[in-house]
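Work through the exercises below with the sequence and the structure at hand. Each task is followed by a solution in steps.

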Amino acid sequence: MLGEEPGHARLIQPRAELLHLVLPAHHPQAKRPRVRLEQLRDDAFIAYSTDRYLRDLQLAALARAGVTPRRLHAADSSETILGFVAAGLGFSLLASLLPEGPREAGVVSKALPGAGTGSVHAAWRKTAARSPLIQAALSLAPRR
């Protein structure tokens, strides 16, 4: 939550991000309608490497479920994490603006009820002329 809008900027929150479990499509749990993180405690986990904030969010969600990964791989971006998951190197937790979660060939995405959400905000200067680029970006932003 950003709180009050600063006087020189305009802010909107298009949508909350939902946390999703991402598994290799061939994983035994991938076909189940619901998966508990505890069921994956022996699997490798793929975390963000350079973004400490996102990594801490991932590890906190695992800790709330009582899971401490025995093996940990790391990647710099969600795209790389999804590639590692598709290759069968482990599972991960990723936020997505899409209700069905991240989409990638070879990956199954499952929402984690009660895992919390994050926020995405759009901000621009109030004094700036309403550029066509800002208009186009805002028109594509999913709405709550």
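**Exercise 1.** Is glutamine 29 buried or exposed, and what is its relative accessible area? Locate the residue in the chain and list its contacts beyond the neighbours within four places in sequence.

Solution. The model is a predicted one.
- Step 1: Glutamine 29 sits in the loop between E1 and E2.
- Step 2: The relative accessible area of glutamine 29 is 12%. The cut-off for buried is under 20%, so glutamine 29 is buried.
- Step 3: With neighbours within four places in sequence left aside, glutamine 29 contacts Leu23, Val35, Gln39, Leu40 and Lys110.
- Step 4: Leucine 40 has its own list under that exclusion, namely Leu21, Leu23, His27, Gln29, Val35 and Phe91.

**Exercise 2.** Describe the order of the secondary structure elements and the overall figures for burial and contacts.

Solution. 
- Step 1: The protein has 3 helices and 6 strands.
- Step 2: Read from the N terminus, their order is β-β-α-β-α-β-β-β-α.
- Step 3: Of the 144 residues, 32% are buried.
- Step 4: The accessible surface is about 8800 Å², and carbon and sulfur atoms account for 55% of that surface.
- Step 5: Take the contacts between residues at least 6 apart in sequence; 74% of them join residues at least 24 apart.

**Exercise 3.** Which residues of the largest nonpolar core touch the most other members, and which elements each supply at least two residues?

Solution. 
- Step 1: In soluble globular proteins, nonpolar side chains tend to be buried together.
- Step 2: The largest nonpolar core here has 15 residues, and those touching the most other members are Leu21, Leu23, Leu37, Leu40, Leu62, Phe91 and Leu93.
- Step 3: At least two residues of this core come from each of strand E1 (9-24), E2 and helix H1 (52-64).
- Step 4: E1 gives the largest share, 3 residues.
- Step 5: Another core, of 9 residues, lies apart from this one; Val22, Tyr48, Leu82 and Leu94 are among its members.

**Exercise 4.** How many aromatic pairs are there, and which parts of the chain are tied together?

Solution. 
- Step 1: The count is 1 aromatic pair.
- Step 2: The pair consists of phenylalanine 45 and phenylalanine 91, with 5.1 Å centre to centre and 70° between the planes. Planes over 60 degrees apart count as edge-to-face, so this pair is edge-to-face.
- Step 3: Phenylalanine 45 belongs to strand E2 (residues 45-48), and phenylalanine 91 to the loop between helix H2 (78-86) and strand E4 (92-96); the pair therefore ties together parts that are 46 residues apart in sequence.
- Step 4: Both phenylalanine 45 and phenylalanine 91 are buried.

**Exercise 5.** Which residues of H2 are buried, and what arc do they cover around the axis?

Solution. 
- Step 1: In H2 the buried residues are Ile81, Leu82 and Val85.
- Step 2: Their arc around the axis is only 100°, so they lie on the same side of H2.
- Step 3: After H2 comes glycine 88, with a positive phi near 85°.
- Step 4: In the loop between strand E3 (72-75) and H2 is serine 77. The side chains of serine 77 and threonine 80 make a polar contact (2.9 Å).

**Exercise 6.** Where are serine 92 and serine 109, and what are their contacts?

Solution. 
- Step 1: Serine 92 is part of strand E4 and, at 0% relative accessibility, is buried.
- Step 2: A polar contact of 3.2 Å links the side chain of serine 92 to that of glutamine 58.
- Step 3: Beyond neighbours within four places in sequence, serine 92 contacts His20, Leu21, Val22, Phe45, Ile46, Gln58, Ile81 and Val85.
- Step 4: Serine 109 is in strand E5 (residues 107-111). Its relative accessibility is 19%, and it counts as buried.
- Step 5: Under the same exclusion of neighbours, serine 109 contacts His20, Leu21, Val22, Glu100, Gly101 and Pro102. The C-alpha atoms of serine 109 and valine 22 are separated by 4.5 Å, although the residues are 87 apart along the chain.
- Step 6: A polar side-chain atom of serine 109 lies 3.5 Å from the backbone oxygen of glutamate 100.

Technical notes: Residues numbered from 1 in each chain as written. Predicted model: local features only at pLDDT ≥ 70, side-chain atom pairs only at ≥ 80, totals over all residues. Heavy atoms only, no water. Phe/Tyr/Trp six-rings, centres within 6.5 Å; stacked < 30°, edge-to-face > 60°. Helix = DSSP H or I, 4+ residues; strand = E, 2+ residues; numbered from the N terminus. Buried < 20%, exposed > 50% of the residue type's maximum accessible area, 1.4 Å probe, protein only. Contact = heavy atoms within 4.5 Å. Areas by Shrake-Rupley, 256 points an atom, 1.4 Å probe, with all protein chains shown as cover. Core = buried A, V, L, I, M, F, W, Y, C linked by side-chain atoms within 4.5 Å. Arc of directions from axis to C-beta. Polar contact = N/O pair within 3.5 Å; in protein donor to acceptor, adjacent residues only side chain to side chain.
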